[in-house]
Every structure is written in C-alpha cells, then in structure tokens.
Amino acid sequence: MRKLPLIMIDPGHGGTDPGATPESPIEAGINLAVALHLRDILENQGFAVIVTRLVDRTLSLDERVMLEHQFDSDLFISLHCNAAADPRAKGIEIWTAPGDSPADPAATEIFRAVSKAFPDRRLRTDYTDSDLDKEARFRVLTGTLGPAVLLEMGFVSNAEERAWLQSTATQVHMALAIAAGILAWHRTLKDQAHARIDDIRKSHPGAAC
Ligand SMILES: [Zn+2]
C-alpha cells in the first residue's frame, strides 16, 4: 500500500442518467455535490483522491469499474440516493459485495461516522450476517478489484428527506462524516500494520527492522 491510500469517489449517475426516480431527477446532482466536498476534505487531509466524474456527464458502470482497475484505488466509494415506491421510505444505508469482503471494515467505519453525524436520521442496517452493511451484487461492488462500498445517503422519493439531501449544509456534513469514517478506517489499517511489524520484531529479536 502507498504511504497514504488512494481514495476513488464515484458520484452515481450523471449526464443522460439522472438517477433514482423519474419524478425527481436530482439524485446525480446530489451525489456529485457530496463527492466534490468529500474530495476537498480528503485532499486537505493529505489523501490522494480521484473522482470518477467531475461534472454532470454520462459514465457507464463498466467505465467506473475500469477506472478503479486503472488506478488501483485502496478504497472505492460510490455515492447514491435511494428511491422507493412508498414515499414514506427513508433512511441511510451502506452496501458491500456479498460475503466477507475487504470492504467490510471501511463500510463499518463510514456508517458509524455517518450515524454519529446524523443521530436523528433513520439508519437501515442488516445485522443478519453480524455486520451492519447490506450486501448486493452491484456492478461497482463486484467488478472492482479493491475494497468498494456504496453509500445510499437517503431517499429522494421522500419529500422531507429529499429537501434535507438537497441542502448544502447536509451535503457538507455528509462529506465531513464520510471523511471521518475513511480516516478512522485508515487508522485501523495503520494499527494493523504496526501490530504486524511488532509481531515480526518479536519473532526475530535480532532483526534490525
Ligand atoms: Zn443511484
């Protein structure tokens, strides 16, 4: 791994694909706004960051996956908003590929940070497999080579949550919370690396490492 991980931020949809619902084609713009705030925050923290699309343009799922392969990012985070036929549905959820995934620790830290930042929002978790993330074979989760998570930041099909998601204050707070989660995840990686080095030192007392 590089000294600081390369984070790839993937704002869902864009261009000819506006996102979640025909009646509220606003998802792509919300995803992009949060992505750009998140990029700025992570860059300020010294992370290397690539955003899969910087403007409102069409980008296929395969193109997003190919970018991940090309840059070999340490974490790929796709940002989306949810929609449901029932206008009452609301809440935040995070997704990883099925089974034990290298993305699980990142998903847990990001979701924890987002839950802490928005204690009043509904959190949609799935603890049936002993962790909080939901699992699906989304193309950006199964096609990517490194850890990949997909955050559904709320439902644009719910009037209250749509207004909340469209507010700049929410978008900045969401980006700050995601960044806090990524930083926490990165700290656990560093702690694990140090623990491994300590183990090597203990098993090789004479080694100059
Ligand atoms: Zn979406």
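Helices and strands are here the runs assigned by DSSP, numbered from the N terminus. The model is a predicted one.

**The whole chain**

Begin with the entire chain in cartoon view. Six helices and six strands are present, and from the N terminus on they follow the order β-α-β-α-β-β-α-β-α-β-α-α. The radius of gyration is 18 Å, close to the 17 Å that the globule rule gives for 209 residues, so the chain is as compact as a globular protein of that length. Along the principal axes, the C-alpha atoms occupy a box of roughly 70 × 35 × 30 Å. Of the 209 residues, 42% count as buried. Among contacts between residues at least 6 apart in sequence, 79% join residues at least 24 apart.

**The sheet**

Next, select the strands. They form an open sheet of six, in the order S2-S1-S3-S6-S4-S5 and with mixed pairing. Strands S2 and S5 (134-135) are at the edges, each pairing on one side only. Now select S1 and S2, which run parallel and are joined by four bridges. Within this pair, Ile7 stands opposite Val49 of S2.

**Helix H1**

Select residues 27-44, which form helix H1. At 1.5 Å a residue, its 18 residues should span 26 Å, and the end C-alpha atoms are 26 Å apart, which agrees. Which residues of H1 are buried? Colour Glu27, Ala28, Ile30, Asn31, Leu32, Ala33, Val34, Ala35, His37, Leu38, Arg39 and Leu42 to see them. These buried residues pack against strands S1 (6-11), S2 (48-51), S3 (75-82) and S6 (148-155), and against helices H5 (159-166) and H6 (168-203). Move on to Gly46, which follows H1 and has a positive phi, near 90°.

In soluble globular proteins, nonpolar side chains tend to be buried together. The largest nonpolar core here has 49 residues, of which Val34, Ile110, Val149, Leu151 and Ile178 touch the most other members. H1 supplies the largest share of this core, eight residues. Finally, centre the view on Ile178. Which residues does Ile178 touch, leaving aside those up to four places away in sequence? They are Leu38, Ile110, Ala113, Val114 and Leu151.

Notes
Residues numbered from 1 in each chain as written. Predicted model: local features only at pLDDT ≥ 70, side-chain atom pairs only at ≥ 80, totals over all residues. Helix = DSSP H or I, 4+ residues; strand = E, 2+ residues; numbered from the N terminus. Expected span 1.5 Å × (residues − 1). Buried ≥ 20, exposed ≤ 12 C-beta atoms within 10 Å, placed from the backbone. Contact = placed C-beta atoms within 7 Å. Core = buried A, V, L, I, M, F, W, Y, C linked by C-beta atoms within 7 Å. Rg over C-alpha atoms; globule rule 2.2 N^0.38 Å. Pairing = 2+ DSSP bridges.
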